[in-house]
Amino acid sequence: MTVLPHETATLLHSLGVPAGQTTGGNRAVRSPIDGSIVAHVHDTDAAGAAAAIAAADQAFRTWRNVPAPRRGELIRLFGEELRAHKAALGRLVSIEAGKITSEGLGEVQEMIDICDFAVGLSRQLYGLTIATERSEHRMMETWHPIGVTGIISAFNFPVAVWSWNAALALVCGNSVVWKPSEKTPLTALASHALLTRAIARFGAVPEGLAAVLIGGRDVGEALVDNHAVKVVSATGSTAMGRAVAPRVAARFGRAILELGGNNAAIVCPTADLDLTLRGVAFAAMGTAGQRCTTLRRLFVHDSVYDTLVPRLRQAYGSVKIGNPLETGTLVGPLMDRAAFDAMQAALAESRADGGKVTGGARVNADTAPGAYYVQPALVEMPGQTATVERETFAPILYVIRYSDFEAALALHNAVPQGLSSSIFTNDLREAETFLSARGSDCGIANVNIGPSGAEIGGAFGGEKQTGGGRESGSDAWKAYMRRATNTINYGRTLPLAQGVTFDVG
């Protein structure tokens with residue numbers, strides 16, 4: 001594992017990141033694979049952040065006048081760069097975020113997919129023609145670029161979430177300023193380098209259209225508080241959202257919040273248990289439980305509990321844990337010591353609440369003392385305690401037995417978060433009830449698949465303390481634009497709406 005710093009430098013070079021950006025800086029970057037320092041990046045100071053935002057604001061004033069299909073051509077070129085460098089960028093994601101190889105590559109594929117989506121969108125930024133009560137009048141909606149889009153991303157999806165925002169924001173005519181997680185700056189610099197290559201091929205792009213700001217909370221605050229930043233898209237914890245939202249609202253900016261998720265699944269009597277086992281295993285253990293859509297609560301019906309749960313225990317005990325770069329590994333490391341400590345604290349609370357814990361211990365400490373690998377934990381709980389209702393960003397799956405569907409649905413919804421959810425059933429009534437207005441209260445509700453692994457075609461986001469934001473597909477593009485309602489009088493009279501009369505002269 002000592003080869004990681006050298007491999008990281010080689011990957012960064014191949015992706016076009018200047019060596020000076022990742023050497024000699026004040027901020028050490030560690031790989032969660034073995035805890036080794038793989039680079040030293042330079043934090044952006046307050047003056048640098050202000051200058052980048054000012055340049056982005058100026059670039060926006062030019063970029064908004066470029067026809068949208070032409071803006072789409074830039075994103076098409078960016079997608080080409082991503083395709084050409086998918087292997088290298090995916091590998092870098094695995095080194096910096098600890099994802100297994102297929103997930104690192106999958107994250108870059110998400111970037112490619114959103115580019116394809118955004119290119120098509122560039123010819124479909126539709127407004128409506130609206131019926132008007134006034135004769136010889138036409139009423140319509142038009143959508144216009146809104147301004148600088150600030151993006152604050154988290155470590156667990158270090159590049160995909162940025163691309164969801166950036167591809168749409170750029171096609172919509174905005175400029176973008178990105179503050180990545182301080183834990184994963186290298187993949188941000190690499191993604192920006194690839195975008196810079198696309199910009200060079202495109203030509204005639206205003207300077208400052210896209211920027212990356214490296215640093216901690218103070219750099220994020222620079223985006224949040226700057227009046228030139230019209231949209232702030234922030235991904236992270238609910239606590240982070242509580243800090244961001246009021247500050248953006250205080251200056252009447254627009255916030256897109258993607259916050260915590262305490263996602264659940266209900267396993268019903270008619271569920272296909274083979275399919276359920278696979279769906280639960282990936283959703284609960286994938287990315288070492290560090291997805292915002294990770295399955296954290298599982299409600300299992302009495303009639304299938306004693307069949308499914310022992311099979312889950314067996315799967316948890318046999319899954320391969322270790323270096324995510326090695327073939328066959330399914331569970332890589334936690335991001336850092338803080339994540340490990342939070343997991344252990346939650347498991348201790350679960351035991352105190354009467355929970356039966358399988359797994360959860362640290363592994364591989366002898367071969368990787370600087371890293372935090374853990375056995376995923378399966379915790380059979382007597383009920384939904386306060387510990388269960390709180391999201392812990394680690395591979396802990398709380399399992400609760402139920403006998404009444406309506407009671408299970410009520411427990412499903414009885415948490416502060418509302419991101420993703422699923423039900424495993426072959427009963428049409430249960431499935432449709434789960435998707436209905438009185439069913440799951442989450443932004444994502446699935447049938448016979450887990451809550452994790454969303455595609456870019458659908459809008460991504462959740463309700464309640466998840467923040468209410470939407471990114472990626474569907475009509476999420478509207479969050480990056482401003483709407484104008486237009487009425488045109490092509491007649492020679494001036495009828496007023498609602499029958500109002502106001503005659504002068």
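1. Accessible areas here come from the Shrake-Rupley method with a 1.4 Å probe, and for residues only the protein chains shown count as cover. On this basis the chain exposes about 20,300 Å², of which carbon and sulfur atoms supply 54%.

2. This is a predicted model, in which local features need pLDDT of at least 70 and side-chain atom pairs count only at pLDDT 80 or more, while totals for chains, interfaces and linings use all residues. Residues are numbered from 1 along each chain as its sequence is written, and side-chain values use heavy atoms, with hydrogens and water left out.

3. The chain contains 15 helices and 23 strands; these are DSSP runs, numbered from the N terminus, with helices (H or I) of at least four residues and strands (E) of at least two. Along its principal axes, the C-alpha trace spans about 85 × 60 × 35 Å.

4. Of the 505 residues in the chain, 55% are buried. Buried means under 20% relative accessible area, exposed over 50%, and partly exposed in between (1.4 Å probe, protein chains only).

5. How many disulfides are there? With a disulfide taken as a pair of cysteine sulfur atoms within 2.5 Å, the count is zero. Cys115 is in no disulfide, since the nearest cysteine sulfur, that of Cys172, lies 14 Å away. Cys115 is also buried, with a relative accessible area of 1%. Cys292 is likewise in no disulfide, and the nearest cysteine sulfur, that of Cys442, is 12 Å away. Cys292 counts as buried at 18% relative accessibility.

6. Leu496 belongs to the segment after β23 (481-489). Leu496 is partly exposed, with a relative accessible area of 34%.
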